[in-house]
Amino acid sequence: MKISAKMKKALQDQVALEGLASNSYLAMASWCEVTGYQGGAAYFYTQSDEERTHMIKVVHYLNDMGATATIPAIKAPTASYKSLEGLIKTALKSEQTVTKAIHKMVEVAQKEKDHSTYAFLEWFVNEQVQEETKFETILQKFDLIGRDKIAVNEIDKILAADAAAPAADPVA
Ligand code: FEO
């Protein structure tokens, strides 16, 4: 089994992208923690851990394919946000970027008839559907419940409950 140089480069870029997502969510968790959104903090600390596991999945895959992963430097994420809603909008945008990158890799795998990478990426395709839906659903709450202090506090409680719920496996 071997992967092409192009596929390797795309997977390497994905390691960096998942690492950046992990770092961004860590910054969001920290901002929530100091701003008084304890639910948001718990939610994004967990989300940050999840992204780190995604990054490691790609590292393992590269190594398993004999393509030795390189661990990249990770850019410092934005550290301050104007509101919980703004923060979640940023999270959704970041997921949309990740989804695009994964779909591009799937297309490369298809073109190259790289069945191993294609199969490996299936988990990520499903995971992205879940992640985007998750953030879209939270954003809907601002329209449904409101944006005043009491409403945002309610939304923070929803995030706390979500963080406490066991994570679903995207392919289960
Ligand atoms: Fe691993 Fe949420 O992208």
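**Aromatic pairs, salt bridges and buried residues**

F120 and F124 both belong to helix α4, which runs over residues 115-145, and they stand four residues apart, about one turn of the helix. Helices here are DSSP runs of H or I with at least four residues (strands are runs of E with at least two), numbered from the N terminus. The model is predicted, so to speak with care: local features need pLDDT of at least 70, side-chain atom pairs count only at pLDDT 80 or more, and totals for chains, interfaces and linings use all residues. Residues are numbered from 1 along each chain as its sequence is written, and side-chain values use heavy atoms, with hydrogens and water left out.

Both F120 and F124 are buried, a word that stands for under 20% relative accessible area, whereas exposed stands for over 50% and partly exposed for what lies in between (1.4 Å probe, protein chains only). Rings of Phe, Tyr and Trp (its six-membered ring) pair if their centres lie within 6.5 Å, and such a pair is stacked with planes under 30 degrees apart, edge-to-face over 60, and tilted for the rest. By this rule the structure holds 10 aromatic pairs. F120 and F124 make up a tilted one, with 5.3 Å from centre to centre and 55° between the planes. The ring of F124 also pairs with that of W123, and because their planes stand at 80°, with the centres 5.0 Å apart, this pair is edge-to-face. W123 is buried, as is F124. Elsewhere, Y25, Y43, F44 and F135 come together in one aromatic cluster.

The charged side chains come next. A salt bridge is a side-chain nitrogen of Lys or Arg within 4 Å of a carboxyl oxygen of Asp or Glu, and a search of the whole structure finds five of them. One of these joins R147 to E85, with N and O at 2.9 Å. Since R147 lies in the loop between α4 and α5 while E85 lies in helix α3, this pair ties together parts that are 62 residues apart in sequence. R147 counts as partly exposed because its relative accessibility is 47%, while E85 counts as buried at 14%. R147 also meets D143 in a salt bridge, at 2.8 Å from N to O, and D143 is exposed, with a relative accessible area of 59%. Through shared partners, salt bridges join E85, D143 and R147 into one network.

E131 is buried, with a relative accessible area of 1%, whereas K134, with 25%, is partly exposed.

The side chain of D156 reaches the backbone nitrogen of Q38 at 3.2 Å. Leaving out residues up to four places away in sequence, D156 touches G36, Y37, Q38, G39 and G40, where contact means heavy atoms within 4.5 Å.

Two residues in loops complete the picture. A67 is placed in the loop between α2 (38-64) and α3 (84-111), and with a relative accessibility of 10% this alanine counts as buried. Beyond its neighbours within four places in sequence, A67 is in contact with I3, K8 and L62. From A67 to L11 the C-alpha to C-alpha distance is 10.0 Å, although 56 residues separate them in sequence. K113, in turn, lies in the loop between α3 and α4 and is exposed, with a relative accessible area of 64%. Phi of K113 is near 50°, a positive value in a residue other than glycine.

Technical notes. Polar contact = N/O pair within 3.5 Å; in protein donor to acceptor, adjacent residues only side chain to side chain.
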